[in-house]
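Subject: Model for your review

Dear colleague,

I am handing over the structure that follows, together with some notes on its geometry. Please read the notes with the coordinates open beside them.

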Amino acid sequence: MGVPEPEIADDWLGDYTRILGEVAATGRRLTRDELDSRRDLGREAAEAGIQLRTLVGLHLAATRTAWPGIDATRPASADCVLAAVEQTVDAFAEGFERAQRRTVRREEAARREFIDDLLYGRSDLGRLAERATRFGLRLSRAHAVAVAAGPQAYTETDTAPRQVESALLARFDGREILLTTKDGRLVCIAPDSQPEALRHFAKQAHAATDGGRVAIGRPHRGPGGVVQSYDEALAAIDLADRMSLDDPVLYAADLLVYPVLTRDRQAMADLVRSELGPLRQARGGAEPLLKTLAAYFDAGCVAAEAARRLTLSVRALTYRLERIHQLTGSDPSDPTHRYTLQTAVIGARLLDWPAKEL
């Protein structure tokens, strides 16, 4: 058996019965004040949390009760009453819907403010944790953040975020997962206990953004942990752009070596200048030989594979590697030189050399 709905007080009708009686007797339409009072009642009913369907039923029941008092021999009288019912319900519903829209806007504003405070690390952490429960997050637990960047900027009303949200809610409990957009990117926050939710988000977001890149930060505990994971995901996307990484999904945990390499920026710049600076003397500058080294190392130092990636012959690739050896004094095929050269190539990518002077 279903649970019966609670009874709704007749107070929500106001002077509806009196209005019907006067309309039946005179054929008049509702006055402006009467329509305004209907809208006010609708607004108050919405704020009280009563369903509109229930309130419409209440008005129709009152109409049915009052109907025996209407002169059925006068068709015009019945038409006027039905017109008054239509006016009344329409005004009531208008006030109800306006209140609901205001509530939704307030909720959206509160949600957006919370997300901004959460991802930017603003507001008192204790207060932030309290507000988080309203949106399904328990910040005492560890959370991880995934960020998806596509070819265009997205808002929450765009098709891509809505597609991803529908796919997530179809598989996971949405009460513990927060999906939003921030600075044109899709953002998903999920507890560490549901890593599969972020993986599913990554899969869906990659498809919905036409092959956009997704990065997942490491899980951290507390409100500050969410900020840290979010920053790691953003840094991973930026790193992938600079390093030309083609992985559709990046995990910050797998990229920790890169922040380590650039922690001492001056030392890395010195290494790039000393190891790769001589490549500027080559015809065409350093860029072609730098790309050759990058492809060679990315191919596991297999010349045939590197040549294929560069659309060169193996002979042409070998010539370039020999030219690099001549200019730098370091042999890419020599294990004792390889690590230093490869580290310098990574540093050049991270520092955007030679496009930018060091």
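Predicted model: local features only at pLDDT ≥ 70, side-chain atom pairs only at ≥ 80, totals over all residues.

Residues are numbered from 1 along each chain as its sequence is written, and side-chain values use heavy atoms, with hydrogens and water left out.

I begin with the cores, where a nonpolar core is a set of buried Ala, Val, Leu, Ile, Met, Phe, Trp, Tyr and Cys residues joined through side-chain atoms within 4.5 Å, and where buried means under 20% relative accessible area, exposed over 50% and partly exposed in between (1.4 Å probe, protein chains only). The largest nonpolar core has 56 residues, and Phe-114, Leu-118, Leu-137, Ile-189, Leu-276, Leu-279 and Leu-293 are those with the most contacts inside it. Helix 8 gives the most to this core, with eight residues; helices (H or I, at least four residues) are DSSP runs, numbered from the N terminus. Apart from this core lies another, of 23 residues, among them Trp-12, Leu-13, Leu-58 and Ala-99. If contact is taken as heavy atoms within 4.5 Å, Phe-114 touches Leu-128, Arg-131, Ala-132, Phe-135, Leu-137 and Leu-178, not counting residues up to four places away in sequence.

Helix 14 (residues 335–350) has 16 residues and reaches 23 Å from its first C-alpha to its last, close to the 22 Å expected at 1.5 Å a residue, the expected span being 1.5 Å times one less than the number of residues. Its buried residues are Leu-341, Thr-343, Ala-344, Val-345, Ile-346, Gly-347, Ala-348 and Leu-350, and what covers them includes helix 8 (223–243), helix 9 (257–261), helix 10 (265–276) and helix 11 (287–298).

In helix 4 (residues 75–120) lies Gln-87, which counts as buried at 16% relative accessibility and touches Arg-29, Leu-30 and Leu-35, not counting residues up to four places away in sequence.

Rings of Phe, Tyr and Trp (its six-membered ring) pair if their centres lie within 6.5 Å, with planes under 30 degrees apart counted as stacked, over 60 as edge-to-face and the rest as tilted. By this rule the count comes to one aromatic pair. Tyr-296 and Phe-297 form this tilted pair, at 5.9 Å centre to centre and 55° between the planes; Tyr-296 is buried with a relative accessible area of 5%, and Phe-297 is buried with 7%.

As for cysteines, the structure holds zero disulfides, a disulfide being a pair of cysteine sulfur atoms within 2.5 Å. Cys-80 is partly exposed, with a relative accessible area of 22%, whereas Cys-188 counts as buried at 0%.

Finally, the backbone: most residues other than glycine have a negative phi, and most peptide bonds are trans. Cys-301, in the loop between helix 11 and helix 12 (303–310), has a positive phi of about 65° although it is not a glycine. A cis peptide bond with omega of about 10° joins Trp-353 and Pro-354, and Pro-354 lies in the segment after helix 14.

With best regards

Notes:
Helix = DSSP H or I, 4+ residues; strand = E, 2+ residues; numbered from the N terminus.
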